[in-house]
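This report goes through one protein model, from its overall make-up to a few side-chain pairs.

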Amino acid sequence: LKGDQAQIHIPVGKHKWKALKQWYQRRVRESNEGSKKTDLLKVAQKQSAKVKEEKAQNADQKDLEEKKEEMNKRKAQRAIYKKKMTAKTKHGQPVMKHQIGYLLHKIKHSK
């Protein structure tokens, strides 16, 4: 071959497949060098998706924490009401002060 044309040497024998594979990989690498801008775009898209997922997870965690706090408050309030409602006088009668107070509380919050 003359001048500017590059000569491709393709070996014959047991190493020909290895040489062809290397040649193909070099060719693919050379063709991918021109597409770096699209790679940067893809990286930016992946990063933005990752940030969105992290924000969503943080929001979900905050919601779960708020729900747990609310449940703990309700549980503590139920324990207080239970203790008051099961309180007895020295004669074994229920303490009416707590019973009436609980009923008034229910009426106020039902409206």
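A residue is called buried under 20% relative accessible area, exposed over 50% and partly exposed in between, with a 1.4 Å probe and protein chains only. By that rule Y102 is partly exposed, because its relative accessible area is 27%.

The model is predicted, so local features need pLDDT of at least 70 and side-chain atom pairs count only at pLDDT 80 or more, while totals for chains, interfaces and linings use all residues. Residues are numbered from 1 along each chain as its sequence is written, and side-chain values use heavy atoms, with hydrogens and water left out.

**Overall make-up**

The protein has three helices and zero strands, in the order α-α-α from the N terminus. Helices (H or I, at least four residues) and strands (E, at least two) are DSSP runs, numbered from the N terminus. Of the 111 residues in the protein, 0% are buried. The protein exposes about 11300 Å², and 56% of that comes from carbon and sulfur atoms. Accessible areas come from the Shrake-Rupley method with a 1.4 Å probe, and for residues only the protein chains shown count as cover.

Confidence is given as pLDDT, the predictor's own score for each residue, from 0 to 100. The mean for the protein is 83, and 81% of its residues reach 70 or more. Helix α1 (residues 16-32) has the lowest confidence, at a mean of 78, and α3 the highest, at 91. Where pLDDT is low, the predicted coordinates should not be read in detail.

**Contacts of helices α2 and α3**

The count of aromatic pairs is one. The ring centres of Y81 and Y102 are 5.2 Å apart and their planes stand at 65°, so the pair is edge-to-face. Y81 belongs to helix α2 and Y102 to helix α3, so the pair ties together parts that are 21 residues apart in sequence. The rule covers rings of Phe, Tyr and Trp (its six-membered ring) with centres within 6.5 Å; planes under 30 degrees apart count as stacked, over 60 as edge-to-face and the rest as tilted.

H98 also lies in helix α3. Leaving out residues up to four places away in sequence, H98 touches K84, M85 and A87, where contact means heavy atoms within 4.5 Å. The C-alpha atoms of H98 and M85 are separated by 6.2 Å, although the two residues are 13 apart along the chain.

One salt bridge is found in the whole structure, the term meaning a side-chain nitrogen of Lys or Arg within 4 Å of a carboxyl oxygen of Asp or Glu. E70 and R74 form a salt bridge at 3.7 Å, N to O. Both residues lie in helix α2 (residues 36-85), four residues apart, about one turn of the helix.

| Residue | Relative accessible area | Class |
|---|---|---|
| E70 | 37% | partly exposed |
| R74 | 47% | partly exposed |
| Y81 | 22% | partly exposed |
| H98 | 23% | partly exposed |
| L104 | 48% | partly exposed |

**A nonpolar patch**

L104 is placed in helix α3 (residues 96-110). Together M96, I100, L104 and I107 make a nonpolar surface patch of about 400 Å². Patches consist of residues with over 30% relative accessible area and no salt bridge; like charges are joined within 9 Å, and nonpolar side chains (Val, Leu, Ile, Met, Phe, Trp, Tyr) within 5 Å.
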